[in-house]
Amino acid sequence: MAAARARGRTGGRKPKMTPALINKAQRMYDSKQFTMAEIASSCGVTPMTVYRNIRTDPATRPTAATAATPQGEAL
């Protein structure tokens, strides 16, 4: 494996969802206007793939205030 990686080979299957698709699915989910089936069909994947790649728990999602604040600074 080390020799393959040195030649630029990573191995394994390519992910179905690109970062752009994950972002699109997350925005659609956050808008609460689409069902999971609609999100999955617009991305061309199954609903389980969408669930695997987006954050559905509001507590784990970064808010605008925490995302904009550099580490170590208070609000």
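User: Where is T35 placed, and is T35 buried or exposed, or partly exposed?

Analyst: T35 lies in the loop between α2 and α3, in a predicted model where local features need pLDDT of at least 70, side-chain atom pairs count only at pLDDT 80 or more, and totals for chains, interfaces and linings use all residues. Residues are numbered from 1 along each chain as its sequence is written, and side-chain values use heavy atoms, with hydrogens and water left out. Buried means under 20% relative accessible area, exposed over 50%, and partly exposed in between (1.4 Å probe, protein chains only). At 43% relative accessibility, T35 is therefore partly exposed.

User: Which residues of helix α3 are buried?

Analyst: Helices are DSSP runs (H or I, at least four residues), numbered from the N terminus. Helix α3 spans residues 36-43, and its buried residues are M36, I39, A40 and C43.

User: Which helices do the buried residues of α3 pack against?

Analyst: Contact means heavy atoms within 4.5 Å. By this criterion, the buried residues of α3 pack against α2 (19-31) and α4 (47-53).

User: Which residue just after α3 takes a positive phi?

Analyst: The phi in question is about 75°. The residue just after α3 with this positive value is G44.

Note on methods:
Helices (H or I, at least four residues) and strands (E, at least two) are DSSP runs, numbered from the N terminus.
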